[in-house]
Amino acid sequence: MAKILSIEIGNSLTRICEMDFRTKNPKVYKYVSVPTPERVVEDGFLTGTPEFAAAVKKALNVNKIKTKQVVFSVTSSKIATREVMLPVVKMNQIDGMIKANASDYFPIDLSEYELAHLVLGTVKAEGQADRFRVMVMAAGKNLVAGYENFAKLCGLNLVSLDHSGNSVFQVMKNECKEETEMVIKVEEKTTYATVIAAQNLVLQRNIAYGVDSAVETLMDSKAFEEDIYKDALELMKRRTCIKLALSENVKPVDDDDEEDIEDFDDLDDTAKMVAAKQEISEALMPLISNVGRVVDLYNSKNIENPIKRIRLVGLGSDISGLSKLFTNELGVRTVVMNKFDTISWNKGDGDGTPGRYIASIGAAIAPVGFISEEKKKSDSKEVNYKSVTVLAALFFIAASAALAVLGMTQYNEAKAEQARLQRLEATYMPAESVYNLHNHTVALFNEIRAGYRLTESPNDGLVAFLEELEEKLPADAVVKEFTSDGTQAVIAIQTMNMEEAAKVIQTMRGFDSLMNVSVAGISTEEVDTSNSDHEEEADDGEETAGESTEEGDGGENANAELSAQDDGTRIVFSLVCLYYPTTVEEAASEAAAAE
């Protein structure tokens, strides 16, 4: 049967168990506690140091524990939980269903969280389909990564990560078989209260109080000489440092579930000692009152089936008198879990009481599995190399036998194929030199053509440009000035009016040789039209004379109208015509396209 290391890292104490993995009634082979260094764990977030890892490895070596597979049980208020109802489906389909609806359960960025779940039971109702009660949990990836990294520091392989609440339930559901009971796991700074009825988890609450304040009160008290946390905690385990009841009206119940431990009142019944015990007990009241609220919450909703007993586990179960204080203040019989009916446990195989290791034991029974997807993928690729070696040996023997029969035939075929390929290589070898020469010549030609392309200038086609200008300009448009360089031409043109000027500009913007045509300036100028009028009359003297004779006053009126249209004003405007540039990149692309 497979063994596993199950570890719970508490604020002051790290508890390690070597036991059977995923077994209903497991056996604990060895168990050991290691002091947890300060500031290594904070609300479940682990910052594993090489020194702490060395201490864990040393404890494993001293106790001759060689198991390398590990599972951790984590206690943290940062693990979000939500109870949901799901249709009854196959167990391997629940995980996909939860991930598909996870955003409805938790209003957080789920890309930063790992999800896990615990099926609490089946709900049956008349007229409705059966449904699963499922506890969905979300743990931050940074929390999970801390344990993955620490496992590597310890030279261990992380198999799974469990929630402390589930760890407690997996053990206690087989212990609380009939009556409704509450299990309270008291640690340094937190307490888990779990209500179990008929082996079903009915209610679970995380309480942000533990025994920390009581230990610190003892350290500050002048009645005791302990000023180190570890020593003060050990003192509270050895001797009763608290009162069994705080209220004067409560008659203390002397429960015999705890071992007989020496009471300080019997040693030194001084006022200072009594006052110190009163202060330490009062420091536990926030814890007791919050547990009482959970008891009242459950009992108020389940009057017919109230909580009959409280079981005390965890680090708090070692503190002398704590169970009696719970019994007297809550009015519910509280007992310390000194043994488990379903766990095989030998007191000679380690140190501490069974209740101290409950989370470590439960994590190995059925962990919920907060493991990153990357770790799951890497684990799925791991191979049992011993089995592979055996299979490889068998395969090698069978393959050798087959090769012995067919080896010579295959060798001859391969040799003949080699000779054929060598002949083909000799045949086509001259073609390779011709092909290389062709590629070199083509590359040289393209370089020369690209270089020649760069020597071209827009002025090379200046005559063609002027001919296009002469062809497309209106007859009465006059080019007064024209200058050109390698990038642009500047033209001054004279027209009769603004309409003709606009037509000229529009016409030139359609020239294929020009990238852009812009107007640099527009002006008007006066011209003398009298001489031109006389010349026109002289040239046409004979014709107009004959016509005048025949037409009389009609000819004179026509001449007067033409003279009125030409008022002697001309429009002169300058155009800046930008040629299309030729660049190195353009020349290279044209050369490549030509190939």
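In what follows, Ala, Val, Leu, Ile, Met, Phe, Trp, Tyr, Cys and Pro count as nonpolar, Asp, Glu, Lys and Arg as charged, and the others, Gly among them, as polar. The exercises concern a predicted model.

**Exercise 1. The largest pocket**

Task: State the volume of the largest pocket, then describe which elements supply its lining and how the lining residues divide by class.

Solution: Begin with the volume, which is about 570 Å³ for the largest pocket. Next, take the lining, which consists of 23 residues, those closest to the pocket centre being Asn11, Ser12, Thr36, Glu38 and Tyr229. Then assign the lining to secondary structure: the strands β3 (28-35) and β4 (41-42), together with the helices α6 (212-220) and α7 (229-238), each supply at least two residues, and α7 gives the most, with five.

**Exercise 2. The nonpolar cores and Met172**

Task: Identify the residues with the most contacts inside the largest nonpolar core, and list what Met172 is in contact with beyond its neighbours in sequence.

Solution: The largest nonpolar core has 63 residues, and those with the most contacts inside it are Ile9, Phe72, Tyr147, Phe150, Met172, Ile361 and Phe370. For Met172, set aside the neighbours within four places in sequence; the residues in contact with it are then Val183, Ile196, Arg311, Met337, Phe340 and Ile358. As a general background, nonpolar side chains tend to be buried together in soluble globular proteins.

**Exercise 3. Covered helix, buried arginine**

Task: Determine how many residues of helix α5 are buried, and decide whether Arg133 counts as buried or exposed.

Solution: Helix α5 spans residues 164-172 and is mostly covered, with nine of its nine residues buried; among them are Ser164, Asn166, Phe169, Gln170 and Met172. Turning to Arg133, which is found in strand β9 (residues 131-140), the relative accessibility is 16%, and because buried means under 20%, Arg133 counts as buried. Without counting residues up to four places away in sequence, Arg133 touches Glu83, Val84, Met85, Leu118, Val119, Leu120, Gly121, Val123, Leu201 and Val202.

**Exercise 4. Cysteines**

Task: Give the number of disulfides that the structure holds, and classify Cys17 and Cys154 as buried or exposed.

Solution: The structure holds zero disulfides. Cys17 has 0% relative accessibility and therefore counts as buried, and Cys154, at 4% relative accessibility, counts as buried too.

Note on methods. Residues are numbered from 1 along each chain as its sequence is written. This is a predicted model: local features need pLDDT of at least 70, side-chain atom pairs count only at pLDDT 80 or more; totals for chains, interfaces and linings use all residues. Side-chain values use heavy atoms; hydrogens and water are left out. A nonpolar core is a set of buried Ala, Val, Leu, Ile, Met, Phe, Trp, Tyr and Cys residues joined through side-chain atoms within 4.5 Å. Buried means under 20% relative accessible area, exposed over 50%, partly exposed in between (1.4 Å probe, protein chains only). Contact means heavy atoms within 4.5 Å. A disulfide is a pair of cysteine sulfur atoms within 2.5 Å. On a 1 Å grid over the protein atoms alone, a cavity is a set of points where a 1.4 Å probe fits but cannot get out, and a pocket is an open set with protein on both sides within 12 Å along at least five of seven lines; lining residues have an atom within 4 Å of a point. Grid points are joined across faces, edges and corners, and a volume is the space filled by probe spheres set on the points. Helices (H or I, at least four residues) and strands (E, at least two) are DSSP runs, numbered from the N terminus.
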